[in-house]
Amino acid sequence: MNLPWAAIAGGGLIGTSAVVLLATLGRVAGISGITAGAVAAPRGDRGWRWAFLLGLMVAAAAVLSWQAGAGQPLRALLRDALPAWQLIAAGVLVGVGTRLGNGCTSGHGVCGLARGSRRSLVAVLVFMACAMLTTFLARHGGGLS
């Protein structure tokens, strides 16, 4: 799949899943909230959360399989991954950030902005500014790469 078609298809699928989740269960598709609730929510509220998270993992596995079938061996995709300690540290930082920001990029950026939330607008502006700064530093010798 060529850009921008991959981005358009992915964005459409994310938007569709957010609308379906809100329309059917009245829930916001914020991944950090769904993940936290998969363990901490009351027992009757966990099933849909686990199903949603399983769907994310199955979709990621499907894309990796598709890429491997398109000539990109899985070994090459994984070879370029960061060391485990960096992935763990990044995951912890993302988790702390989502708690501090009262949500993640999917909750604020996709669902919050669509609902016209001012808090989500501020959160997304901060997310984007940090992403731009990180990219600039990584590409221009900031020592992050």
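Mentor: Gly37 lies in helix α2 (helices are DSSP runs of H or I of at least four residues, strands are runs of E of at least two, and both are numbered from the N terminus). The model is a predicted one, in which local features need pLDDT of at least 70 and side-chain atom pairs count only at pLDDT 80 or more, while totals for chains, interfaces and linings use all residues. Residues are numbered from 1 along each chain as its sequence is written, and side-chain values use heavy atoms, with hydrogens and water left out.

Gly37 counts as buried because its relative accessibility is 8% (buried is under 20% relative accessible area, exposed is over 50%, and partly exposed is in between, with a 1.4 Å probe and protein chains only). Once neighbours within four places in sequence are set aside, Gly37 has contacts with Arg46 and Arg49 (a contact means heavy atoms within 4.5 Å). The C-alpha atom of Gly37 is 9.2 Å from that of Trp50, a residue 13 positions away along the chain.

With a relative accessibility of 9%, Arg49 is itself classed as buried, and its side chain meets that of Asp45 in a salt bridge with an N to O distance of 2.9 Å (the criterion is a side-chain nitrogen of Lys or Arg within 4 Å of a carboxyl oxygen of Asp or Glu). Asp45 is buried, at 14% relative accessibility, whereas Arg27 is partly exposed, at 32%. Through shared partners, the salt bridges join Arg27, Asp45 and Arg49 into one network. A search of the whole structure finds 2 salt bridges.

The largest nonpolar core has 9 residues, namely Ala18, Leu21, Ala29, Ile34, Ala38, Trp48, Phe52, Leu53 and Cys111 (a core is a set of buried Ala, Val, Leu, Ile, Met, Phe, Trp, Tyr and Cys residues joined through side-chain atoms within 4.5 Å). Two or more of these residues come from each of α1 (5-25), α2 (31-40) and α3 (47-69), and α3 gives the largest share, 3 residues. Cys111, one of the core members, touches Ala18, Val28, Ala29 and Ser106 when residues up to four places away in sequence are not counted.

Finally, the overall setting. The protein has 7 helices and 0 strands, which read along the sequence as α-α-α-α-α-α-α. Of its 145 residues, 18% count as buried; Gly37, at 8% relative accessibility, is one of these. Among contacts between residues at least 6 apart in sequence, 29% join residues at least 24 apart.
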